[in-house]
Amino acid sequence: MPSAIQKAAGAVANVAGGSKPDSKPDAKSNASSSSLPAVPNGTIQQAKVLPSQQDWAPPVYYQTLILGAGLSGIAMACLLKRKGFGDDFIILERESGIAGTWYSNSYPGCGVDVPAPLYSYSFAQKGDWSRFVPKRDEIKAYISTVAAEYDLMDKFHLQTLVKEARFDESTNLWHIYSEDLPQRSELGVEPKKHHYVCKFFVSAVGGLSEPNECNIPGKEKFKGAIFHSARWDHSVDYTNKNVVVIGNGSSATQLVPEVAKKAKSVTQFVRAQHWIASVPHDPFAMLPGWKWLCRHFYVFRKISRALVFLVMESHFIMTMMNPLGALYRWWFARFWCKPLAKKAPKEYFDHIYPKGKILVSSKRRIFDDEYVPCLNQPHVNLEFEKSASIEEDAVITDKGKRIPADVIVLCNGFTTARAGFPMDVYGRGGEEVHSHWEKYGGGGPLHYRSCMLANYPNLVQLVGTNSATGHTSLIFTTECQIEFALEVAKPLLNGKKPSTAAISHNPLVSPSSSLATLDKVPAVEPRLSAEVQEQNYIHWRHKQRVWSYGHSWYIDTTSKRVTALYPDSQITFWLRATFPTYGDLIWSDLPAGEGDFRTWWKRWGSALGIGRMPKKTAQQAGIPAIKLPPNST
């Protein structure tokens, strides 16, 4: 009998080949609209809304459309089913398989830096992890297993790229236009253009999905292979080759020891300094029988997760700019980092142990046991001069040093310019989301509760602005956001299916007189004033955290705000997600006779102000005051 993982792998192959989501339109609304000119066979002439100026397929309706088949997207799908909102959803994914970053990243040594009990879903705890801090293949298998157990494998539409999402103010529906990638033809599936319509649009793309390009002059001259660690080229054999690694973040730290086992030489260009500590080891290993209990009893898996969460959450203290935070940072550097740094060659000690140069936690800490000892090997070298140019078989430093190279691996990070929204997204009034950010975020991204936007109703972005953490698992954050989103979106998720006329309506055209009674689905969005007010508090709080006093990707280069990290503890994040501040939100077009949909205990908690953020002025936050439009709420 095939295992759940085998079933998952087979189902993914079927989806990539064009199974259920590609053959499902006959079960969905696909009728012509009287507001648009009819064409043969009863199809619709769609609006030419994209720059390509091409016609798109007739609309296919789903209650929910999820963009991204990574941890966040799959969590949303699972929780929609667990909370009784049905399975009328589709998950669009650009890659050829599911698991998000754990599908894209397959470089040697790839793994997570958070203990497994916390780097897993709270509703799908696994009791037989092979390691306390697992590697990529085991995480990827876990994600596929969960997707199979929740019967999601026929919900994925792989190898498709969303080009545009547009909100229809006449119906409160979202129109999403995607185009299949040419690679689908390799599987015997004809690439198509798709037009989806949904009530609830969820972007689960993530902020670190677009690798930075190689910007070193002369790259076109190089005769060997150049690729990013997140796009590892497995066809390249680096055995007995000179390998140059550009960058020294988490990915580089993991792959260098593995590449060094086969390569003739490994030269790593150091771009920045980081605090490197030993990997956390399993504290439960010393308890006889604990692993057996976790494998056989779910309650012990929950206890393990809770205890790991509390320990990881305590690390947030070291981000605070106060005496307690300073003490915690000293403790971490002295007892976690320094013993490991002593294993490095003497000439590298100051780099591995950057005391007095950068504050602990001002950048994400690196946990690895193999990297520092690896630096003692004679064929592994760190290069502190900058890479200035590339020749046919070498990288040239800014001081003229020539580094032989047969393979160049880029570990130079990711672009965050369109984090979460790689496509064009148009809300009320046809405003594109980056225009909204320009007006109200100083050019940088912003969200309400890190997942919603004013003037973009029924849209949720998981892992949005100020939702990442530098000390614990992002999966916990994601589940909190989903809990919040599904609570406030109850009216539309429980509402009836929109009419065929509403689904077929052109979002760029006002309803004609014949459609004067075009029905609208319920809508929810945050007040613009609440969105801006929340940013004042977040920026004010960030000034009391270590990452505001460093140089890292946490800080948006345009707005100069910290837009990546949440400034408070994850316990606080959980409270604010569990108890919505209902007064910050606007619901519209609710059905007549709609009762109070709010969960009673959440309503009481909200009334007590449990989830409320303190109010701060722009002056207190030290940022320019935002002028709101007249009559805005």
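Six bridges join strand β5 (residues 173–180) to strand β6, and the two run antiparallel. Helices (H or I, at least four residues) and strands (E, at least two) are DSSP runs, numbered from the N terminus, and two strands pair if DSSP finds at least two bridges between them. The model is predicted: local features need pLDDT of at least 70, side-chain atom pairs count only at pLDDT 80 or more, and totals for chains, interfaces and linings use all residues. Residues are numbered from 1 along each chain as its sequence is written, and side-chain values use heavy atoms, with hydrogens and water left out.

Strand β6 spans residues 193–203, and because 10 of its 11 residues are buried, it is largely enclosed by the rest of the structure. Here buried means under 20% relative accessible area, exposed means over 50%, and partly exposed lies in between, for a 1.4 Å probe and protein chains only.

Strand β18 (residues 459–461) includes Q461. Q461 is buried, with a relative accessible area of 3%. The side chain of Q461 forms a polar contact of 2.8 Å with the side chain of H447. A polar contact is a pair of N or O atoms within 3.5 Å; within protein, one must be able to donate a hydrogen and the other to accept it, and residues adjacent in sequence count only if both atoms are side-chain atoms.

**Two open sheets**

Five strands form an open sheet with parallel pairing, in the order β7-β16-β8-β9-β12. Its edges are β7 (225–228) and β12 (380–383); each has a single partner strand, so one side of each is left without a neighbour in the sheet. Neighbouring strands of this sheet are turned by 20° against each other on average, direction ignored. Axes are lines fitted to C-alpha atoms, for helices over the stretch in contact, and angles run from 0 to 180 degrees between N-to-C directions.

An open sheet of three strands has the order β13-β14-β15 and antiparallel pairing. The edge strands β13 (387–390) and β15 (402–404) each pair on one side only. In this sheet, neighbouring strands are turned by 30° against each other on average, direction ignored. Three bridges pair β13 with strand β14 (residues 394–397) in the antiparallel sense, and I390 stands opposite V395 of β14.

**Cavities and a pocket**

On a 1 Å grid over the protein atoms alone, a cavity is a set of points where a 1.4 Å probe fits but cannot get out; a pocket is an open set with protein on both sides within 12 Å along at least five of seven lines, and lining residues have an atom within 4 Å of a point. Grid points are joined across faces, edges and corners, and a volume is the space filled by probe spheres set on the points. The structure holds two cavities of 30 Å³ or more.

In the table, Ala, Val, Leu, Ile, Met, Phe, Trp, Tyr, Cys and Pro count as nonpolar, Asp, Glu, Lys and Arg as charged, and the others, Gly among them, as polar.

| Space | Volume | Lining residues by class |
|---|---|---|
| Largest cavity | about 70 Å³ | five nonpolar, two polar, two charged |
| Second largest cavity | about 50 Å³ | three nonpolar, three polar, three charged |
| Second largest pocket | about 410 Å³ | 10 nonpolar, four polar, four charged |

The largest cavity is lined by R449, S450, Q481, F484, Y566, F573, R576, A577 and M613. Helices α13 (474–488) and α17 (570–578) each supply at least two residues of this lining, and α17 gives the most, with three residues. The second largest cavity is lined by D113, V114, M312, R364, R365, F367, G470, H471 and T472.

The second largest pocket has a lining of 18 residues, of which I246, V270, R271, K386 and S387 lie nearest its centre.
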